[in-house]
Amino acid sequence: MKIERIVSTRLPTPFGEFAIHGFREGDTGQEHVVLSMGDLTAGDEPPLVRVHSECMTGEVFGSLRCDCRPQLEAAMKSIATQGRGAIVYMRGHEGRGIGLVQKLRAYAEQDAGADTIQANAQLGLPIDARRYDAAACMLRALGVNRIRLLTNNPLKMAALAEFGIEVVQREASLTRPGPENERYLRTKADHMGHHDLGHLFE
Ligand SMILES: Nc1nc2c(ncn2[C@@H]2O[C@H](COP(=O)(O)OP(=O)(O)OP(=O)(O)O)[C@@H](O)[C@H]2O)c(=O)[nH]1
Ligand SMILES: [Zn+2]
């Protein structure tokens, strides 16, 4: 995989000032960004990293069908509190890799009774089409080979490891469930093997 860092600049946010690094994949032209804070390569302690899948409905419009925005904000806050870490923001991961409009079609199926997995299956789409090689390459380009990863998703950990990023520790990324995203979170807990989400419903 060829991926190039095109630019690095400042990004002041309500959570503190990050650096934002703009990357472009050589083969596809797909763009991604990494937000970083502090010196990612200093010391023995691996940095806290969130590899986050783009979700326009949640992050731009505040959709309550998922918890992507609260997860992203919590990750930015944790990194700011520690003064060090990175958000690898994966464009092209929208809808677990099926794309925005296909995700909206899946939402329509869900409103007719399907869960998140059944909805994709009914549309003839993969349940999860995301790849993590670009994420691993971007981390490496920033000098990072060992991380503490904020996730509940075992596939994400395994995929990063497969592409040479050592996940020294996993930290849960939990938000408070609401009536609109409860089924989405339960499906991840019950059928997609996600860690820790089951505790939300105890
Ligand atoms: N296909 C599909 N994608 C969804 C749906 N709801 C949210 N998404 C997408 O799922 C992605 C987030 O992935 P998740 O599987 O929920 O969580 P994760 O990132 O794998 O796991 P964590 O690291 O624990 O948050 C975002 O790109 C969302 O757009 C849905 O109902 N159907
Ligand atoms: Zn979302």
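This is a predicted model: local features need pLDDT of at least 70, side-chain atom pairs count only at pLDDT 80 or more; totals for chains, interfaces and linings use all residues.
**Ligand 1**

I started with the residues around ligand 1, of which there are 22. Ser-53, Cys-55, Thr-151, Asn-152 and Asn-153 come nearest. I then sorted the shell by class and got 11 polar, 6 nonpolar and 5 charged residues. Next I looked up which helices contribute to the shell. Helix H2 (68-82), helix H3 (100-111) and helix H4 (116-122) each supply at least two residues.

**First annotated set**

I checked the UniProt record, an unreviewed entry, for "binding site". The annotation covers Arg-50, Val-51, His-52, Ser-53, Glu-54, Gln-71, Glu-94, Gly-95, Arg-96, Thr-116, Thr-151 and Lys-156. These positions span 107 residues of sequence and are also spread in space, with C-alpha atoms up to 22.7 Å apart.

Is Val-51 buried or exposed? I count Val-51 as buried because 29 other C-beta atoms lie within 10 Å, and the cut-off for buried is 20 or more. Leaving out neighbours within four places in sequence, I found Val-51 in contact with Val-88, Met-90, Tyr-132, Ala-135, Lys-156 and Leu-160. Lys-156 is itself on the annotated list.

Ser-53 also lies in strand E4. I found 22 C-beta neighbours inside 10 Å, so Ser-53 counts as buried. With residues up to four places away in sequence set aside, Ser-53 touches Met-90, His-93, Arg-96 and Arg-130.

**Met-90**

Met-90 turned up in the contacts of Val-51 and in those of Ser-53, so I looked it up separately. Met-90 lies in strand E5 (residues 85-90). It is buried, since 22 other C-beta atoms lie within 10 Å. Apart from neighbours within four places in sequence, Met-90 is in contact with His-32, Val-51, His-52, Ser-53, Glu-54 and Ala-135.

**Second annotated set**

For "binding site" the unreviewed UniProt entry also lists Cys-55, Cys-66 and Cys-68. I placed Cys-55 in the loop between E4 and H1, and Cys-66 in the loop between H1 and H2. Cys-55 is buried, with 23 other C-beta atoms within 10 Å. Cys-66 has 20 such neighbours inside 10 Å and therefore counts as buried.

Which residues does Cys-55 touch, not counting those up to four places away in sequence? I found Cys-66, Cys-68 and Glu-94. By the corresponding search, Cys-66 is in contact with Cys-55, Gly-58, Asn-181 and Tyr-184.

**Helix H2**

I ended with H2, which has 15 residues. The span from its first C-alpha to its last is 21 Å, close to the 21 Å expected at 1.5 Å a residue. Its buried residues are Cys-68, Gln-71, Leu-72, Ala-75, Met-76 and Ile-79. They lie on the same side of H2 because they cover an arc of only 135° around the axis. I looked up what covers these buried residues and found, among others, strand E1 (3-13), strand E3 (31-37), E4, helix H1 (56-59), E5 and strand E6 (146-150). Just after H2, I noted a positive phi of about 75° at Gly-83.

How values were computed
Residues are numbered from 1 along each chain as its sequence is written. Chains are lettered from A and ligands numbered from 1 in the order in which they are written. A residue is near a molecule or strand if its C-beta atom, placed from the backbone, lies within 6 Å of it. Helices (H or I, at least four residues) and strands (E, at least two) are DSSP runs, numbered from the N terminus. Ala, Val, Leu, Ile, Met, Phe, Trp, Tyr, Cys and Pro count as nonpolar, Asp, Glu, Lys and Arg as charged, and the others, Gly among them, as polar. UniProt positions are given in the numbering used here, feature names are shortened, and annotations may be inferred rather than shown by experiment. A residue is buried if 20 or more other C-beta atoms lie within 10 Å of its own, exposed if 12 or fewer, and partly exposed in between; C-beta atoms are placed from the backbone. Two residues are in contact if their C-beta atoms, placed from the backbone, lie within 7 Å. The expected span of a helix is 1.5 Å times one less than its number of residues. The arc is that of the directions from the helix axis to the C-beta atoms.
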